[in-house]
Amino acid sequence: MTFDSNAFLIIFTGALIAISCGFLGVFMMLRKMSMTGDAISHAVLPGIVIGFFVSGSQRSLEVIMGAGLLGILATLMIEGLRKKAKVQLDASIGITFTLLFAIGIILINLFAYKVDLDQECVLYGEIAYLPIDLWITKSGLTMGPRITWLAGLNFLFVSGFIYLLFKELILTSFDESFSSVIGINAKGINLALMSMVSYTTVSSFESVGAILVVALLVVPPATAFLWTKSLIPLLKLTSVLGILIAILGYYLAYWLDSSIAGMMVTVAGVFFFVSALIKGKRPSWLQGTYKAAKPFGI
Amino acid sequence: MISQVENPVLEIHDLTVSYDQNPVLWNVDLSLPSGKLVGILGPNGAGKSTLIKSIMGLIPPTSGYVRIFDKPLNDVRARISYVPQRESVDWNFPASVLDVVMMGTYGKLGLFRRPGKKEKNLAMQCLEQVGMTGFVERQISELSGGQQQRVFIARALAQQADLYLMDEPFAGVDMATETAIFQLLKEMADSGKTVLVVHHDIHSAMNFFDWVIMLNLHLVASGPKELVITEDLLRKTYGGKLNLLTKVTDLIRNKDFNPLKS
């Protein structure tokens, strides 16, 4: 087989997105907040529509900012419902993201005459069109596919974020009250992580879509956690899985003439179930928190 | 029976704490001297954990204030350390014993800086103090309850604080470990640190603590052990539940009776 530059670009972009999502997903999983990622990926829709409406373009900074703000709003709403209104975490996630997503759909319908944006594009995305969507500078220079640049930029931001705040992210994930006592702002770190998730979601929308972003946030970290119990190998294994998923997903989709993003997530799911079978024990997110028996107090 | 002291390490003034309008601590007013091993005693639900959580600002008080080293909490965070209840974290977290102990050094490091050789050496020293040097690389999910507790104490030691607040560090810990940890806490107190321990076993409390705080929603007593552990005050703290217990206490007091030896 000769070198196919289109195939390479699609796999390369897919891998970048899968690694960015996987890195963030590891910390979401350790915080038991994987489903908050799901909520954010849907809740950013109104932000995208408003950003689109304000700027008139699907690929403007306003769209990313709108989505980022809505992601933070969703996080705050989930926390607020849970702490102030005493709603269960899963219920407050369900309420928040369906409400925000519904508002997004109404906004799309209201602005439909002005906005070239449909739910399908947001929900499913299409990475196969990537090679024909080029970034051309004002002087007419062709810089290559726009989405690959977006994914690369996103990858740099996510890696930088995790590198710089590594110890804070670990500590606030492991023991939030201890981190507050020693003066590390757990709430601020949490919001920063959620903003990164919102930004990654938006930046990956066009290529893999909202539903599949969620899968990339949750499945590779959960798979890797079946194989290792230390953090650095966990991050490494998650990125290797991301690359494998992109390669296998592309070629299987090519072979079956089907959706690349869909196939990537199917491959991820297969990896997970094979790992779960091989490791032969219940995955850790089913075990719940270990509770030691306490002696009876008097 | 509440003894106030001059130049207190910790001063709690008229503290009331509530969860959803329901006060769980009423008008706690006390001060503590430095260099003492202090026990907080009381029945379940007496507000012992709530008291230390509000000292550290984890739960905002409804009224009253706390001053530590005669300063507000935010000015002295670096000098305070905390050992949370063992069950408050998920021990399946992917970290080694050394990783967790190093967390104690994060506060002094500040944002963006990574722990280096100095922090690692400090963490190793602290692990040695709690007798866990053999477990440095061990995953925390593979530790027993008593070992988890010792890791938490080592993490607090790594903070090199002056005031330590410990929430039930002896829950689910065997006798030998309990004695060893108490010995360590005593050494810390002797070197001038103040150690505040939530505890519910009255017998070991009599042996080990210098100063005792008795709590049952209200502050019942706070003072040197000899003055505070009396039947009257114990009864006030534990109410009717103490009947059996007082008998045992009396026996131990009067006859130097040791049930483990007879």
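## Surroundings of B:Gly131

Leaving aside neighbours within four places in sequence, B:Gly131 makes contact with B:Arg150 and B:Ala180. The model described here is predicted. B:Gly131 lies in the loop that runs between α4 (117-129) and α5 (145-158) of chain B.

Is B:Gly131 buried or partly exposed? B:Gly131 counts as partly exposed because it has 15 C-beta neighbours inside 10 Å, whereas a buried residue needs 20 or more.

## The nonpolar core

In soluble globular proteins, nonpolar side chains tend to be buried together. In this model, the largest nonpolar core comprises 163 residues. Those with the most contacts inside this core are A:Ala43, B:Val101, B:Ala154, B:Leu165 and B:Val195. The greatest contribution to the core comes from helix α10 (residues 186-227) of chain A, which gives 21 residues.

For B:Leu165, residues up to four places away in sequence are again not counted. On that basis, B:Leu165 touches B:Ile52, B:Ile55, B:Met56, B:Ile80, B:Tyr82 and B:Leu196.

## Contact between chains A and B

Chain A provides 27 residues to the contact and chain B provides 35 residues. On the side of chain A that touches chain B, at least two residues each are supplied by α8 (166-174), α9 (176-181) and α11 (231-256) of chain A. The helix that gives the most to this side is α9(A), with four residues.

By residue class, the side of chain A that touches chain B divides into 15 nonpolar, seven polar and five charged residues.

Key:
Residues numbered from 1 in each chain as written. Chains lettered and ligands numbered in written order. Predicted model: local features only at pLDDT ≥ 70, side-chain atom pairs only at ≥ 80, totals over all residues. Contact = placed C-beta atoms within 7 Å. Nonpolar A, V, L, I, M, F, W, Y, C, P; charged D, E, K, R; others polar. Buried ≥ 20, exposed ≤ 12 C-beta atoms within 10 Å, placed from the backbone. Core = buried A, V, L, I, M, F, W, Y, C linked by C-beta atoms within 7 Å.
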